[in-house]
Amino acid sequence: MKGSECKFVKYMEGSDKRFVIPVYQRNYDWKTENCKQLYDDLVKITKGHRKSHFFGSLVSVYNPDGHNEEFLIIDGQQRLTTVSLLFLAMYNLIDKGVIVPETANLKQRIFEEYLVDKWKPEDTRIKLKPVKNDQTAFGKLFSDPTEHIRESNLTVNYDYFYDRIQKQEITIDQLYDAICCLEIINIRLDMDDNPQLIFESLNSTGLDLSEGDKIRNFILMGLPSKEQEDYYEKYWNKIEVCTKYDVSAFIRDYLSVKQQVIPQKKKIYINFKDFVELGKIKTEPLLAEMQAYAKRYQILLDGNSGSVALDACIDRLNRLETTVTRPYFLEVLRLYNENKLTLAQVTEIFLTTENYLFRRTMCDLPTNALNKIFLMLHREIIRYDGTEDNYVEKLKYALLSKKERARFPDDVEFKVAFGECPVYLMNSKNKIYILERFENFGTSEDKDVYRHCDDGTYSIEHIMPQHLTPVWQKELGDDYGQIHEMWLHRMANLTLTAYNSKYSNRSFTEKKTMQNGFDDSGIRMNTWIAKKDKWTLAELEERSEYLMGRVLTI
């Protein structure tokens with residue numbers, strides 16, 4: 001291993017150099033604030049007439065297999081990629097004539113020294129080779145802006161630089177000179193150095209590695225270059241896509257399934273390493289199994305099971321943020337993949353779990369008991385008779401057998417809790433869930449309640465308003481204060497509307513008969529309300545009984 005100080009641009013210079021981000025590296029994840037900090041520093045270099053600015057260390061391995069001077073970037077890819085984006089934004093602005101530099105050959109120098117090898121064919125000329133999806137996005141930045149991949153971090157940060165350079169806080173020539181002041185410690189590893197150990201010991205000046213990043217490095221870094229590429233393409237990239245790039249959360253659930261212990265969030269990598277090394281698990285079988293579980297995990301994230309009822313249930317559970325169930329559901333989906341459960345049975349399992357979770361929420365039972373319940377639930381079901389037969393019935397029996405804090409509230413407990421609960425004061429995700437279920441349960445003519453609530457079209461309406469007018473006081477009678485206090489936030493007094501501001505504190509008759517009032521509302525749950533001529537204690541009690549009956553049906 002050799003280390004020396006050098007200018008960052010000197011490290012990048014040379015059309016025959018190639019900078020390859022190995023597949024075991026994380027994707028490019030610098031945010032706009034990281035780019036802002038870099039640009040702010042470059043402005044300070046210029047205005048402070050500074051000669052140098054330390055930009056951290058860059059660790060690379062020289063790859064003798066490359067046709068050019070090829071360097072595998074072990075640490076520093078975020079900075080190398082970011083400066084490449086900055087150079088590309090500078091080049092494109094000059095090329096389009098948006099900014100004219102004083103230095104005549106600046107455009108050519110940026111392009112041919114830091115970005116491309118002009119002697120190479122179009123498809124291989126770019127010097128920087130990021131990880132797969134990032135490589136595609138980076139390549140598109142060299143073409144027409146209509147082809148840019150907008151959702152990529154690379155494009156977002158390129159756009160930031162492209163816009164900020166045009167503000168000309170410093171000239172583009174000064175910006176180039178400031179970049180030339182960036183200094184790094186260039187650490188070049190020999191082929192017999194252990195890049196994994198060095199990587200783990202580095203103190204990065206950029207973003208901390210996630211647990212998933214460390215695990216990817218652990219799996220891929222020690223493999224021969226060809227196997228790295230093959231396993232990344234065949235398994236790891238697909239695992240990242242299935243888990244929406246939150247590999248850390250996925251592996252935490254995967255380890256929970258495999259070890260029956262939930263790892264601490266900061267120790268996922270350590271637990272995974274022990275799991276693999278103590279079990280002497282081979283790399284490819286491990287990746288193949290992880291990929292199979294990642295595909296099941298994708299169903300839990302996206303609800304792409306092929307069953308409308310199951311997908312809707314998954315969406316509701318995700319709205320309720322019930323991630324605690326995922327280790328158990330991964331095993332249920334494994335049984336489905338192995339043809340030991342039908343899709344209808346899987347749907348019934350998910351609906352039963354939804355029932356259990358929401359009844360507990362309404363009865364205000366503690367959530368901290370759920371981790372262990374769902375961690376052990378599959379094994380508990382199998383232990384009854386040592387088989388996976390009658391799985392759904394055994395699940396129901398297991399849940400109904402729970403006692404005390406883990407119990408499955410029965411109809412009586414649930415009905416009382418629901419009737420008395422100040423639903424309006426509940427967490428937003430729970431009260432919208434209740435209203436969505438009342439509106440859409442049992443009909444195929446459903447409404448997108450969640451989307452309309454998210455975008456502000458729908459809001460929760462207090463039929464008896466939060467501030468009583470004299471008209472309301474008279475209609476409620478002498479006990480209006482007590483009625484208001486007891487019933488205001490209960491479900492019996494709540495509904496959905498797109499016209500909350502127009503309803504305001506109007507009388508019930510006005511809310512009922514006005515344009516877009518209850519009488520001509522397109523929301524199903526308002527049909528019952530529209531049949532009433534007044535809104536008093538009697539109507540509140542009657543609607544409460546009606547809703548309690550309906551909630552038990554749901």
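Analyst: Arg 359 is found in helix H16; helices (H or I, at least four residues) and strands (E, at least two) are DSSP runs, numbered from the N terminus. The model is predicted, so local features need pLDDT of at least 70 and side-chain atom pairs count only at pLDDT 80 or more, while totals for chains, interfaces and linings use all residues. Residues are numbered from 1 along each chain as its sequence is written, and side-chain values use heavy atoms, with hydrogens and water left out.

Arg 359 counts as buried because its relative accessibility is 9%; buried means under 20% relative accessible area, exposed over 50%, and partly exposed in between (1.4 Å probe, protein chains only). Not counting residues up to four places away in sequence, Arg 359 touches Phe 408, Pro 409, Asp 410, Asp 411, Phe 414 and Leu 552, where contact means heavy atoms within 4.5 Å.

H16 (343-362) also receives buried residues of helix H17, which pack against H11 (247-259), H15 (326-337) and H18 (391-400) as well. Among these buried residues of H17 are Leu 370, Phe 374, Leu 377 and His 378. H17 (residues 370-383) has 14 residues and reaches 19 Å from its first C-alpha to its last, close to the expected 20 Å; the expected span is 1.5 Å times one less than the number of residues. At Leu 377, H17 bends by about 50°, the bend being the angle between axes fitted to the seven residues ending there and the seven starting there.

Burial also marks helix H9 (residues 211-220): nine of its 10 residues are buried, so H9 is largely enclosed by the rest of the structure. Including Arg 216 and Phe 218, the buried residues of H9 also take in Glu 211 and Asp 213.

Helix pairs come next. Two packed helices are described by the angle between their axes and the distance between the axes. Axes are lines fitted to C-alpha atoms, for helices over the stretch in contact, and angles run from 0 to 180 degrees between N-to-C directions. The axes of H3 (residues 77-95) and H4 (residues 106-115) come within 9 Å and cross at roughly 145°. By class, the contact of H3 with H4 has 10 nonpolar, one polar and two charged residues; Ala, Val, Leu, Ile, Met, Phe, Trp, Tyr, Cys and Pro count as nonpolar, Asp, Glu, Lys and Arg as charged, and the others, Gly among them, as polar. H4 also packs with H7 (residues 172-179) at an angle of about 35°, with axes 11 Å apart.
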